Amino acid sequence: MERAFDVLGLLSEVTFCSGESLANYLGITRAAVWRHVNRLKEAGVDIESIPGKGYRLKGEFDALRPSEIRECLSSKGIDSYHSVEVVRVIDSTNAALLRRSDKKMAALFAEYQSAGKGRREDKWVSPPGAGLCFSVSRWFDQPQASFSALGLVVGVSVVDTLKCLGVKGLKLKWPNDIVFGGSKLAGILIELQSEVSGPCFVVIGIGLNIHLSLNARGKIEKSVVDLREITGKQVSRNLLASTLLANLQNDLEVFGRLGFKPFLSAWSDLDSLVGRKIQINIGSKAVIGEAAGVDDIGALRLKVNGEFRQFLSGHIVELL
């Protein structure tokens, strides 16, 4: 897949590139070009192939550029990230940061993840250029009592960032989804390494749909939406990446000092489940009730037979 990006970087949505010209430029055979194009198609990239003309993208490939992201962060006065990197292909940005021996505050973006996943081990489908797939790592020296609400805080931060860029109508679905009109726009995966009552090393993974092709949508079982569909225009991936990193740094600093309380009101305003009949699945158990928001540590409040119960984890199923 790594070599396929060399082909992708030469393709255009304006003009066709012949297999011969691609092969000559890259110093490979036309058969190799064909194989790389097929790999890109299998990954969900929308490529038009016409005999005699060659290959053309059906949408712009806006490559992530780490230098541009860093420059934008610097202009915002953000300097806490030890590193901001972009890789072409990786198994999982979360897994990569967890594997590192130098546990520092870092941001890692991938154009393509071969093993990207969601909170329930669901595969995260995001073709090259179709969205943002990245992870941020950092330490929390003295985790707050409401530390379980970290994913909710990240959700608020992402929505606030998108609002600043003109995206309206977004909601949050407990515990880790950002939705628009009931369809999923983004997901959050929190993984951590910690000792009892000690410092906690956290990796925050975020997957955000920007422009999913029909090819990619066909690989996703759930109802999804992307920023292009919501806004009607193309969003700069590099601008979005840098703005997300800046806002995340600021919000995570606040959360580290004050916990979930400063974010509770904002999260409640964005709650997509409140007042709805839902089912929460925890292992083999299922509880049905009316969603009643979250408490001050981020636990879901569920009204069951006239009594309120709190849940810190679980899979939500919305009922009609």
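In which strand is the place of Ala107? Ala107 belongs to strand β4, strands being DSSP runs of E with at least two residues and helices DSSP runs of H or I with at least four, both numbered from the N terminus. The structure is a predicted model, in which local features need pLDDT of at least 70 and side-chain atom pairs count only at pLDDT 80 or more, while totals for chains, interfaces and linings use all residues. Residues are numbered from 1 along each chain as its sequence is written, and side-chain values use heavy atoms, with hydrogens and water left out.

Ala107 has a relative accessibility of 0% and therefore counts as buried (buried means under 20% relative accessible area, exposed over 50% and partly exposed in between, with a 1.4 Å probe and protein chains only). Contact is defined as heavy atoms within 4.5 Å. With neighbours within four places in sequence left aside, Ala107 is in contact with Tyr81, Ser83, Val84, Glu85, Ser135, Val136 and Leu245. Ala107 and Val136 are 29 residues apart along the chain, and their C-alpha atoms are separated by 4.5 Å.

Strand β4 comprises residues 106–113 and also holds Gln113. Gln113 counts as buried because its relative accessibility is 11%. Residues up to four places away in sequence not counted, Gln113 touches Ile90, Asp91, Ser92, Thr93, Lys123 and Cys133.

Helix α3 (residues 30–42) contains 13 residues and spans 18 Å from its first C-alpha to its last, close to the expected 18 Å at 1.5 Å a residue; the expected span is 1.5 Å times one less than the number of residues. Ala32, Val33, His36, Val37 and Leu40 are the buried residues of α3. Viewed down the axis of α3, these buried residues fall within an arc of 140° and so line one face of the helix, the arc being that of the directions from the helix axis to the C-beta atoms. They pack against α1 (4–10), α2 (19–26), β1 (47–50) and β2 (54–57). Trp34 and Glu42, on the other side of α3, are exposed. Gly44 follows α3 and has a positive phi, near 110°.

Helix α9 has 22 residues and reaches 31 Å from its first C-alpha to its last, close to the 32 Å expected at 1.5 Å a residue. Helices α9 (residues 237–258) and α10 (residues 261–270) pack at an angle of about 120°, with their axes 8 Å apart. This makes α9 oblique to α10. Axes are lines fitted to C-alpha atoms, for helices over the stretch in contact, and angles run from 0 to 180 degrees between N-to-C directions; angles under 35 degrees count as roughly parallel, over 145 as roughly antiparallel, 65 to 115 as roughly perpendicular and the rest as oblique. Asp251, Val254, Phe255 and Leu258 in α9 meet Lys261, Pro262 and Phe263 in α10. Just after α9, Gly259 adopts a positive phi of about 75°.

Pro175, in the loop between β6 (171–173) and β7 (177–180), is joined to Trp174 by a cis peptide bond with omega of about 0°. Asn305 is in the loop between β12 (300–304) and β13 (307–311). Its phi is near 50°, a positive value in a residue other than glycine. Asn305 is exposed, with a relative accessible area of 78%.
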